[in-house]
Amino acid sequence: MKNSNHYNMKRIWPILAMLLISGFCLSSCEKELKTYDGKEGIYFLYAVESRFVNGVSTISDFTPMSFGASLPSVTDSVMILPVRTMGTISNVDRSYTLKIADTSTAKEGVHFDFVSKNFSIKAGKRDDTVKVRFKRVKEMRDTSFSLVLVLESNDHFSTTMTSKVVNASTGEKRSFISHRLTVTDKLNKPARWLDAYLGTFSAKKLLLICSQQNISPSYWDNAAIAEISYWGRFTQRYLNDMKAAGTPVMEEDGVTEMIMGPSSQ
């Protein structure tokens, strides 16, 4: 009888061990399969992933834009600002809240409009793109305007991931939920502007040359010296003809006569 009990126990122990192992596995699997049960987060993608701004790879909460290198025929431009969510992907559309900060100097309806105000993450998606159409207005020639957009928590998304310190010595932070867009129409002197051929720089003179040669201001970055020399001589002949006709071309101040550089006289 003793031997029989001993035999039975030898058979039962492996079974008990298997049951204990199975229970442990089930418990572990349940923990691993546990899904995200908090409120999903939302943030601006440019504050996390790199992109090229003026030819430089950067991660930031700031995006500049200028009409300065555009031809006068360009009257508006659309800037895009991607947002991304954290957590589970939903099978229904979920709205998110986007506000204009009081620190903005650009005015809606005057300097910009939203292409769409349907701010939502579509079903099955993790991202959305905010599209802002900036209008090229006269004031932008002298002033840079800013639009600061802020993500706020709502029933669908939280904004608990707010910022990151990027400079420990100064305490400078990069925001994940606030992004500043700036726009101007200032036209800066191109690096390839050669005074010897073109004379003193002015935006009006540059745009005149661009109009005559059917090129955009951005073309100047790769212009050859031979081209610049030709543009100077060609434009000076035009200015001479206009003066001879009694309609001299004046600079932006309306007083100074426009001339090209000494090598183009």
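Let's start with two helices, α3 and α4. In this predicted model, α3 covers residues 203–213 and α4 covers residues 225–244. They pack at an angle of about 95 degrees, and their axes lie 11 Å apart. Anything from 65 to 115 degrees counts as roughly perpendicular, so α3 and α4 are roughly perpendicular to each other.

Who meets whom? From α3, look at L208, I209, Q212 and Q213. Across from them, α4 brings Y230, W231, F234, T235, Y238 and L239. By type, that contact has seven nonpolar residues, three polar and no charged.

Now zoom out. The chain has 265 residues, and 34% of them are buried. Four helices and 15 strands make up its secondary structure. Take the contacts between residues at least 6 apart in sequence: 70% of those join residues at least 24 apart. Accessible surface is about 16,200 Å², with 55% of that on carbon and sulfur atoms.

The largest nonpolar core holds 28 residues. Y96, V130, V132, F134 and L149 have the most contacts inside it. Which elements give two or more residues to this core? They are β1 (40–44), β5 (76–86), β8 (112–114), β10 (127–135), β11 (145–152) and β15 (178–184). The top contributor is β11, with four residues.

Please find L149 on the screen. Leaving out residues up to four places away in sequence, L149 touches F44, L81, L98, K99, I100, F114, V130, V132, I177, S178, H179 and L181.

Notes: Residues are numbered from 1 along each chain as its sequence is written. This is a predicted model: local features need pLDDT of at least 70, side-chain atom pairs count only at pLDDT 80 or more; totals for chains, interfaces and linings use all residues. Side-chain values use heavy atoms; hydrogens and water are left out. Buried means under 20% relative accessible area, exposed over 50%, partly exposed in between (1.4 Å probe, protein chains only). Contact means heavy atoms within 4.5 Å. Accessible areas come from the Shrake-Rupley method with a 1.4 Å probe; for residues, only the protein chains shown count as cover. A nonpolar core is a set of buried Ala, Val, Leu, Ile, Met, Phe, Trp, Tyr and Cys residues joined through side-chain atoms within 4.5 Å. Axes are lines fitted to C-alpha atoms, for helices over the stretch in contact, and angles run from 0 to 180 degrees between N-to-C directions. Angles under 35 degrees count as roughly parallel, over 145 as roughly antiparallel, 65 to 115 as roughly perpendicular and the rest as oblique. Ala, Val, Leu, Ile, Met, Phe, Trp, Tyr, Cys and Pro count as nonpolar, Asp, Glu, Lys and Arg as charged, and the others, Gly among them, as polar.
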